[in-house]
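Subject: Structure handover

Dear colleague,

I am passing on the structure we discussed, with some notes on what turned up in it. Please look it over when you have time.

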Amino acid sequence: MARGVQPLTTLRKEDRVVLFPSVACRTADGHHWRVQVQGDVSVAGRPGVGARMVLRYLRRAMRAADDLTMHPLFQARIARFLAQGRAGCRVAVRIGEAIYRLPSAGRHGLFQGMVELPAGEVLRLAQAGSTGGEGGWWPGPSAAACLPVEVYGAAARSAVLLVEPEGVSVISDIDDTLKHTGVGCRRTLLASTFLRPFESIPGMAALFQRWAAAGAVFHYVSASPWQLYEHLARHLAEEGFPAGSFHLRAFRLRDHLLRRLWLVRRSGKWRTLCQLLAMFPRRQFVLVGDSAERDPELYGALARRYPQQVIGIWIRQLEKLPDLRRYARAFRGVPEGCWHLFRSAEELLVQPWPTL
């Protein structure tokens with residue numbers, strides 16, 4: 001008996017799909033683009049016993065009254081954490097007139113695939129297409145052209161940055177670098193994540209706009225969970241940050257009962273950093289982070305591994321006095337003029353681009 005042809009997609013009416021802004025790179029011969037597509041598919045439902053336990057633990061950890069956890073802001077922020085990821089769901093995307101099947105979604109509901117397209121076709125679509133629509137892409141400044149992508153059979157759209165082989169990219173952390181989070185204190189971190197409106201670090205949006213106008217392409221690489229993507233993207237858009245690709249971490253709230261929510265952040269971020277620099281070996285990179293976690297150590301290690309590509313490291317100093325021994329260890333072997341500490345965006349606004 002002949003095997004039946006598998007459908008392009010197994011999405012259901014009740015599924016919620018989000019596409020994340022990603023990147024594309026040229027092939028070695030320059031005749032094609034390798035387009036990265038990434039997103040999330042989930043379905044809402046009644047919270048089970050495990051989810052209710054997580055909510056009780058979260059309330060205790062934040063010392064939050066019931067009226068706060070019934071607030072629309074909390075309900076919106078927690079919703080994707082409590083939804084069920086559609087593991088194994090097949091997703092297809094439309095780019096231009098063609099439809100491409102992607103690998104099935106993983107256990108968190110995250111899906112990712114690579115599509116290769118002729119350079120001429122990509123240019124035509126980028127010039128003709130729109131980058132608006134659901135999925136969180138915002139119409140901010142970008143030095144890169146954008147390729148519109150939409151999910152076949154769902155109202156989810158986003159765009160892929162067409163990043164040329166040469167140029168300058170900015171890789172930036174988000175928490176305590178672009179917005180106040182308080183990663184060093186669990187209670188503050190959870191409250192700023194689930195209970196309070198996001199608050200930007202003054203001057204950082206204007207600084208990034210200036211760098212975008214000078215030709216920089218942006219990649220937001222954070223250990224924040226993908227479940228917060230839409231809220232983070234909306235906040236950055238409203239604050240005027242340039243458009244950029246997003247690279248967050250896979251995380252399931254009930255797996256860690258919040259105790260390790262931001263303690264399991266490191267390995268995935270290092271892998272993403274290396275992948276970006278390896279994907280664009282002729283581009284130069286400026287790295288922006290903060291001293292709350294391991295950004296100095298990660299960025300220092302990256303500069304040692306890719307000394308020709310990392311041209312600047314900026315660390316937002318959160319402590320009153322810098323731990324000079326820590327920074328000496330973190331940036332051992334990194335040229336002195338390559339890394340810098342700053343307290344406010346104004347200190348960076350006076351620096352020339354791209355020498356920093």
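A residue is called buried when its relative accessible area is under 20%, exposed when that area is over 50%, and partly exposed in between. Asp-15 is buried because its relative accessible area is 12%. Please keep in mind that this is a predicted model.

Salt bridges

A search of the whole structure gives 14 salt bridges. In general, side chains of opposite charge can pair when their charged atoms come close.

Asp-15 takes part in one of these salt bridges, its side chain meeting that of Arg-12 at 4.0 Å, N to O. Arg-12 also forms a salt bridge with Glu-14, where the closest N and O atoms are 3.2 Å apart.

Another salt bridge joins the side chains of Glu-164 and Arg-26, at 2.8 Å from N to O. This pair connects distant parts of the chain, the two residues being 138 residues apart. Glu-164 lies in the loop between β9 (157-162) and β10 (168-172), while Arg-26 is in strand β2 (residues 22-26). How accessible are the two partners? Glu-164 has 35% relative accessibility and so counts as partly exposed. Arg-26 has a relative accessible area of 29%, which also makes it partly exposed.

Thr-9

The other item concerns Thr-9, which sits in the segment before β1 (16-20). Is Thr-9 buried or exposed? With a relative accessible area of 18%, Thr-9 falls under the 20% cut-off and is therefore buried. Its side chain reaches the backbone nitrogen of Leu-11 at 3.1 Å. Leaving aside residues up to four places away in sequence, Thr-9 touches Arg-90, Val-91, Ala-92 and Tyr-152.

Best regards

Key: Residues are numbered from 1 along each chain as its sequence is written. This is a predicted model: local features need pLDDT of at least 70, side-chain atom pairs count only at pLDDT 80 or more; totals for chains, interfaces and linings use all residues. Side-chain values use heavy atoms; hydrogens and water are left out. Buried means under 20% relative accessible area, exposed over 50%, partly exposed in between (1.4 Å probe, protein chains only). Helices (H or I, at least four residues) and strands (E, at least two) are DSSP runs, numbered from the N terminus. A polar contact is a pair of N or O atoms within 3.5 Å; within protein, one must be able to donate a hydrogen and the other to accept it, and residues adjacent in sequence count only if both atoms are side-chain atoms. Contact means heavy atoms within 4.5 Å.
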